[in-house]
Amino acid sequence: MNRAALAALKSVYDPEVGLDVVTMGLVYGLAQDDATLRVDMTLTSPNCPLGDSIVAMAREALWGVSGERKVDLRLVWEPPWSPRMISAEGVRTLQGGG
Amino acid sequence: MEKNVETRPQPPVGGGLYLAKAPPFWLPMRHFVAAAAAFWLFAAAFVYGRGRFLGFDIQAQWILGLVHLATLGWVTMSMFGALCQLAPVLWEAPLRGQRVAGLAWWLFSFGVAGFVGLLWTGRADYWIPASMVVAAVLLYLGVFVWTMAAAPKLDWTGKHVANAVGYLAVVVTLGLLLAYDRERGVILSHPAGALIAHIHLALVGWVSLVIVGVSYRLVSMFALSHIESKTPGRLTLLLANVGLAGLAVDAFCTGGEHLRLWAVLLTAAYVSYLSHMRNILKARTRNVDVALAFTLLALLGGAVWCALGLGLAFHGLVDDTNVEQAYVFAALVGWVTPFIVGQMHKILPFLVWLHVYSPRGALPAAPLPKMADLTSRRVAWLEFAALVPAIYVTLAGFLRQSQALLTAGSLFLLAAATLYVANTAITLRHLPRGAS
């Protein structure tokens, strides 16, 4: 399930940066039990102008793989996101090598 | 197995993070469309007037019309639109008085059109549309001050903008005094000094402080820079305020007896800003895209503007009207214009994407476009390629008093403006018919 949820989140792109939210390092945690699929994620900043859209897309993507479980997507702000959290593969893509 | 539709997650329509605070789409977009039109008109008028620049006094009425088409129609219109759009990002508060801002746009648009038109044609009754411009600016100032008053905190970007808004109030007041004095000639003891104060309060106090403050946020954001400083621009703001206030008071009261001191302080402010921008750009995660290339061009233009200012203050350059025109051109087209164009290549696609493609219900079946797909990168690079010679060939034309260079530079400027308008149209083509 975690693998499916992670794959679903990898289909959610930041439309400005062009990277998916997992590669961007925006997903902080992923857990599940019988009733709930819980995801902790953040945004590039609390005032990210694309926040609503990214959250909506992530919820929608998770809903597609959650089965009968409820999707509990929480926005967290600690630790604050920094571009250092972008994966090495993502950095290569941004710098034109990927 | 069919999923229970009622368990489908609901996106945060209207109650989300940014959308609930964002101004309506039409408010910033009207500003940006009007500004693009003014940019093109400015470039066209520049081509038309190119044969008359050399030897003309910078206070010639048609030149004042041309300058105000750029400063008010292009630059200030863009900045008002951007501040409306960025209020939730910059001040973490929704824009207050959105209807007032909408009314201000109408007043400002018609006021600028009339003011510039009457100046260009040499009419004396330009005070009528000028008073509309002043009324509009006061409305905008009210909106921004009201919004900032509701902000939970003002960071250094917000502080720069707050200072700039204060300077704008002084700029329009001094502009009114200058206009009255021009017709009656009885108020100002040093009209030339008052003009120097007006120009610098506008270009440094209003325009540049907004650019500097906003660039700490936007350039970091778009370059994905992991700069850690919590106090960007503290020294820049201090030096700029001291240098500008000193220059304005000195020029207004004495005609400018200590211009060298103020020129050094303002240049030091710019060097401090450059140093911070260098740190931001060094820590960037992204390659240089076209928006960042325009920003780099703007930084170079700002340095040239400072160099010309020092040259004029220390008399290294002959203080004649062509050098003064080069100085103002370096500020408006060398420094301010590339910065605005570069940021617009990010802001316009963002606005259209948010309005047209941002998911508000279930995700559409087709993949959503990226923002970069809403604009033409090729046209944007062509804009860049045209703007570089537009700046530096024209500057050379002023400094070498060459009509041929001025003609070539003005044609490059018109090409850059035409391409900018074309790219704006490419982005707006994504809007559904009937979108306001």
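Which residues does Leu351(B) touch, not counting residues up to four places away in sequence? Keep that question in mind while setting up the view.

**Before selecting anything**

This is a predicted model, in which local features need pLDDT of at least 70, side-chain atom pairs count only at pLDDT 80 or more, and totals for chains, interfaces and linings use all residues. Residues are numbered from 1 along each chain as its sequence is written, chains are lettered from A and ligands numbered from 1 in the order in which they are written, and side-chain values use heavy atoms, with hydrogens and water left out.

**Stop 1: Leu351(B)**

Select Leu351(B), which lies in helix H10 of chain B. Helices (H or I, at least four residues) and strands (E, at least two) are DSSP runs, numbered from the N terminus. Now show its contacts, where contact means heavy atoms within 4.5 Å. Leaving out residues up to four places away in sequence, Leu351(B) touches Phe25(B), Pro28(B), Met29(B), Phe32(B) and Gln85(B). Leu351(B) counts as buried because its relative accessibility is 4%. Buried means under 20% relative accessible area, exposed over 50%, and partly exposed in between (1.4 Å probe, protein chains only).

**Stop 2**

Zoom out and colour chain B by secondary structure. It has 12 helices and zero strands. Its C-alpha atoms fill a box of roughly 85 × 45 × 45 Å, taken along the principal axes. The radius of gyration is taken over C-alpha atoms, and the globule rule is 2.2 Å times the number of residues to the power 0.38. For 436 residues, a compact globule would have a radius of gyration near 22 Å, and chain B agrees with its 22 Å. Of the 436 residues in chain B, 56% are buried. Among contacts in chain B with a separation of 6 or more, 81% are between residues 24 or more positions apart.

Next, colour by pLDDT, the predictor's confidence in each residue, from 0 to 100. The mean for chain B is 88, and 90% of its residues reach 70 or more. Select residues 1–16 of chain B: pLDDT stays under 50 there, and the model has 26 contacts beyond four places in sequence for this stretch. Where pLDDT is low, the predicted coordinates should not be read in detail. The model scores ipTM 0.84 and pTM 0.90.

**Stop 3: the nonpolar core**

A nonpolar core is a set of buried Ala, Val, Leu, Ile, Met, Phe, Trp, Tyr and Cys residues joined through side-chain atoms within 4.5 Å. Select Phe108(B), Phe144(B), Trp206(B) and Trp335(B), which touch the most other members of the largest core, a set of 173 residues. Helix H10 (residues 321–357) of chain B gives this core its largest share, 22 residues. Beyond four places in sequence, Phe144(B) touches Phe80(B), Leu83(B), Cys84(B), Trp91(B), Leu95(B) and Val165(B).

**Stop 4: Phe39(B)**

Move to Phe39(B), in helix H1 (residues 26–49) of chain B. Phe39(B) is buried, with a relative accessible area of 2%. Thr418(B) is 379 residues from Phe39(B) in sequence and 8.9 Å from it in space, C-alpha to C-alpha. Residues up to four places away aside, Phe39(B) touches Trp74(B), Thr337(B), Val341(B), Leu413(B), Ala417(B) and Tyr420(B).

**Stop 5: helix H9**

Select residues 290–313 of chain B, which form helix H9. The expected span of a helix is 1.5 Å times one less than its number of residues. H9(B) is mostly covered, with 18 of its 24 residues buried. After H9(B) comes His315(B), whose phi is positive, near 60°.

**Stop 6**

Leu224(B) lies in the loop between helix H6 (191–223) and helix H7 (234–254) of chain B. Its phi is near 50°, a positive value in a residue other than glycine. Leu224(B) counts as buried, at 4% relative accessibility.

Gln401(B) lies in the loop between helix H11 (377–400) and helix H12 (403–428) of chain B. Phi of Gln401(B) is positive too, near 55°. Gln401(B) is partly exposed, with a relative accessible area of 44%.

Finish in chain A, at the loop between strand E3 (70–75) and helix H3 (88–94), where Pro79(A) is found. A cis peptide bond joins Glu78(A) to Pro79(A), with omega about -5°.
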